[in-house]
Amino acid sequence: MSGDQGMNVRSKLTLTIALTGLFTALGVVLALVFAYERFEHESSYYRADAFLKRVTAQHTDLLGMRERFGDEFDGFLANLVLYEADTQLYLLDPQGRVLSSTSQMPLAPDYRVNMNPVMRASSETPMPYVLGDNPESMDTRVVVAARALRPMSIAPSPAVGYLYLVTRPSTFAEGNPAALRSVLAQPFVVMILAVVALSTLLAAWLTATITRPLKRLTEAVNRIRDKGLQAPDPVQPQEAAVPWDLPDTRDADEFGQLARGIGAMLQTLRGQWTTMHQLDHFRREGVSNLSHDLQSPLTATTTCLETLDQRWAVDPSRQEDRALVAVALRNTRNASRLVHSLGDLARLDEPSFQLKKERLNLGELLDGVSMRFAERARQAHVALSVADEPAPVSASVDVQLIERAVANLVDNALKFAPPNSAVTLRVEQQTTSEGQGMALIAVRDLGPGIDPHDLPHLFDRFYQSRRRVAPATGEGGKGLGLAIVKRIAELHGGLLTVSSVPGSGTEVVLEIPAN
């Protein structure tokens, strides 16, 4: 089971089987408990009914005996049940009023029992058992038996009273550990529980055996997830890649078919990944070589155009030619910056690129960038300033890249900041909810802002807004500046965010780890 996942399928199946076996065993035990309790009720009822049948057969005039013996009749009844433990005998009139009893508990005057159980117990219809009132405890229902008392006559006559027997059989509900142990100790009970336990263990073993290929398949997929497709280097053969370590794909069952399908899919993905890796390598290498090869002719062209402009500066007849040279010189410089940016992006995209980090006070870095753009801001009548930081903020960064990123942001801000406005640089440190310290470098301008439609594409390479309020996103207006900044942020483990309201300016925040 992996650390970032819940219970796996094998554990779920095993737990389901174990719980099923447990509940089955509990069901068997409960069924035995209820069966035992019913057996106790029925046994008690049949014993009580047989006892009353013998008593009424031997003593046919119990009501007359009560009239003759008076209070001594209660002792007579007690002698009848002397050997019947936990049993009480009552003599009732036809309305259920207690006339005599063996109970030691005094009853209320004119106390009556519910006649419905009495009538059912005294009927000629056979009953499994009857639950009725216990005069000693009216909140409980107990097994009762009853016999109707009729006078001696040839013709049928109505009952003139009832002999009512209350028995209290031992039940699990009242707690009888000895009876429970006795029931559970029976061989057939032990055999049933043993069968349930063995079936559960066998099912768990079968589940583990059957799902073992699934476990191996899951482990192989997790390794691929953690390590990737492990595409080989473009110059190495594809066979040099690490094998997938999938389960045996020769099996004809569903797991074998699944393993073969996943293996074929991964092989296809590896081939596609290798092709993409090679193409990306060739792209970066081609862009880097192209950028390097174009730098020299563009530099030479720029130098020639600057020389022509200087020579014609003193010749009034060459003013129109100088205007053309100025256009060519501006476009050449833009092309040179674009080629330089393409080379930088290709270099930053290289997987082998390594940052040269060192601890730096970011406030001092902002001061240096501000001084670098101070003259340009003065000529544009824009107030360029660095906000006071409440405490020094430092971070381990590649100084050259971070300075490049901040310079790109300031360059963009100055491009679109109107005269007599301001561009503000600030740095601060914040702590995330996970306790990670983050350094935030923000550049805010009071320009026209960015249209909401352009915000999602602002960091796309070569993206340029068609709207007036959206700034060109890169050096020379070619859509590479913010793409470079974003890449620098990613290399430092940070991110780049933009917030803007049309007409109210824009703020770009570069967020990098401070620790």
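Buried means under 20% relative accessible area and exposed over 50%, with partly exposed in between; the close-up views below are taken from a predicted model.

**View A. Salt bridge between D133 and R141.** The side chains of D133 and R141 meet in a salt bridge, with an N to O distance of 3.7 Å. R141 has a relative accessible area of 48% and is therefore partly exposed, whereas D133, at 10%, is buried.

**View B. Salt bridge between E306 and R333.** The closest N and O atoms of E306 and R333 are 2.8 Å apart in this salt bridge. Because E306 belongs to helix α8 (residues 254-312) and R333 to helix α9 (residues 319-349), the pair ties together parts that are 27 residues apart in sequence. E306 is partly exposed, with a relative accessible area of 30%, and R333 also counts as partly exposed, at 36% relative accessibility.

View C. In the salt bridge of R487 with E490, the closest N and O atoms are 3.5 Å apart. The two residues are 3 residues apart in helix α13 (residues 481-491), so about one helical turn separates them. E490 is partly exposed, its relative accessible area being 41%.

**View D. Crossing of helices α10 and α12.** The axes of α10 (residues 362-372) and α12 (residues 399-416) come within 10 Å and cross at roughly 50°, so the two helices are oblique to each other. Their crossing is right-handed. The contact is made by L365, L366, V369 and R372 of α10, together with V399, I402, E403, V406, A407 and V410 of α12; by class, this contact has 8 nonpolar, no polar and 2 charged residues.

Terms used. Residues numbered from 1 in each chain as written. Predicted model: local features only at pLDDT ≥ 70, side-chain atom pairs only at ≥ 80, totals over all residues. Heavy atoms only, no water. Axes fitted to C-alpha atoms, helices over the stretch in contact; angles between N-to-C directions. Helix = DSSP H or I, 4+ residues; strand = E, 2+ residues; numbered from the N terminus. Parallel < 35°, antiparallel > 145°, perpendicular 65-115°, else oblique. Left-handed = near helix turned anticlockwise from the far one by under 90°. Contact = heavy atoms within 4.5 Å. Nonpolar A, V, L, I, M, F, W, Y, C, P; charged D, E, K, R; others polar. Salt bridge = Lys/Arg side-chain N within 4 Å of Asp/Glu carboxyl O. Buried < 20%, exposed > 50% of the residue type's maximum accessible area, 1.4 Å probe, protein only.
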